Amino acid sequence: MPPSLPRDFDIVTPLPRLPNPATVAQHLRDTDFATRIQEGAARIREHRIPLLGITLDTGPEIHWRRDYSSGLETGISYFRRIPYLDVRKAGDHKLIWELNRHQHLVLLAQDWLLHDERSSLDEITAQLESWLRQNPFQQGINWASALEVAFRALSWLWILHFAGSVLPLSLRRRLLVALYQHGCHLEHNLSYYFSPNTHLLGEALALHAVGVLIPQFPRSEKWCATGARVVAAEMETQVQPDGSHFEHSTYYHVYATDMFLFHALLHGNCAENYLRKLAHMAEYLEALLGPARSLPFLGDDDGGRFFHPFGRHDEYGRATLATCALFLNRTDWRYEEADLHPQAAWWLGDSTGHCPGSGHLASRRFSDSGLTILCGNEAQVVIDTGPFGWGAAGHSHSDTLSLVVRRGTEEILIDPGTYTYVGDAHWRSVFRGSASHNTIRVDGQDQAIPVNPFAWKEKPEVILHTWNSQPSHDILDAGCRYRGFTHRRRIVFLKPDLLFIFDHVDGPPGDHEVEQFWHLASEHAARRLIVPGAERIEGWRSEAFGRKQAIPVLRVKRRGHLPMCFSAAILLT
């Protein structure tokens, strides 16, 4: 039997420990953010829902267990019997789950607050009632991942906080019962073994959040204790001393930073070491964003976001850094007032009196992640000189010694992104392979052997030979060894105008094919590269999960005996 609550159970909204949403709305009402909320809400009410990099048109009735890309829909068997990993039977579970996170309903609640839009409130009611009918407790694909249960519970908390007092009483009652069921499900299904990374972190965070924000629940005290204990342990496990997340994905770093930050906000008394590591995560993020204040996508990008997954994905880090600055009272990190609107305003309230810093960007190497970031005026070069991620490195790409190059907001060399997880095995392989990154490929092989869409074996060894940063120049010399081959890359940055790259490839005797790839942001970017012997081929880029486009690529391809040497230069003025 599903867990139940007393007949007269109720809560007071807005929820405790969060800013008064009416006050926040009053402050944001005349901003561009409010306009974007209004426009987004209008589309959602028409059931044109922005998800990942696509717009999902569900038609008049939403089928919550359907993969709309394939038309496949699973039933309401016990959740452990649902073959959600079999794309032939269940479709792309990620597309299903993203819709069922209900983050688009939070946007509708914000529209109600900002514009007194009754139709948005009515749409929340209709969609929640529809979901509760179609997804009984622990039945169906939407219970198969505890992380997705966690995200949905967090969305429902925000809906109660923003609009709980005006929801129909019958729905409010059913929603509270369902939210309690979500908490019970999380308590007994934390991902200690299956996916002990951001899954476990998000689940524990949500369990703690439900306990803190609705202390009237019978099990809230236990949920608070369990959630806080697990999140604190995951801070020690998942965050490396240099502030980087152990998945070695820049996008997941933003995810994790938001999660640890929101937990600290609700907890109110995190340990000093927890807050110190959180600050290191923000410092790492600031370095990644660089002069363009835009996130380079190294490793997997799953297209989601902890809070408010709308707008440009490469700009999500702006709101995260701004929220960190306010919470940690840091006045040296760079942000703009508009960066506060998507997240910090709703989490922390009034920011009056807190002034952002101008930021200080300098060349540095993060020893645990291995990322090396070269800076000179508006130029930024991000180089992966570190190992694949933790464990089976499920969110790593075969991109060792690859680099991303930007000058201000102009992109020159890009990372291709991710595009898909399990929706298409071919494209999953293409986007995470060496040929899709600005590095070397030998004999058509990646730097590690893919086991499945989320695992590698025989990961490469990475060696740092030299790292020297001076006001006038930076010198980086690093190597990558795998299956008997060695790729050594030397980079010289004559600040701020000129970047030289020298590649040396060695290995076993015999005839070998060696390729050097340069993925260009645009045709204009090609004018900045000098690559002897290059030919132009077609490559691919995914600026958001589920969406791809063709891009120009320069490739140097040679066959012969090793060693071989390659060179390239990039003009940054």
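Is the crossing of helix 12 and helix 13 left-handed or right-handed?

Analyst: Helix 12 and helix 13 cross in a left-handed way; bear in mind that this is a predicted model. On the helix 12 side, that contact is built from L275, L278, A279, A282, L285, E286 and L289. Facing them from helix 13 are G317, R318, T320, L321, C324, F327 and L328. Two packed helices are described by the angle between their axes and the distance between the axes. Here helix 13 covers residues 316-328, and its angle with helix 12 is about 145°, with the axes 10 Å apart.

Now look at what helix 12 does with helix 11. Helix 11 runs over residues 250-267 and helix 12 over residues 272-289. They pack at an angle of about 145°, and their axes are 10 Å apart. This crossing is left-handed. Helix 11 brings T250, H253, V254, A256, T257, F260, L261, H263 and A264 to the contact, and helix 12 answers with Y274, L275, L278, M281, Y284, L285 and L288.

Terms used
Residues numbered from 1 in each chain as written. Predicted model: local features only at pLDDT ≥ 70, side-chain atom pairs only at ≥ 80, totals over all residues. Heavy atoms only, no water. Axes fitted to C-alpha atoms, helices over the stretch in contact; angles between N-to-C directions. Helix = DSSP H or I, 4+ residues; strand = E, 2+ residues; numbered from the N terminus. Left-handed = near helix turned anticlockwise from the far one by under 90°. Contact = heavy atoms within 4.5 Å.
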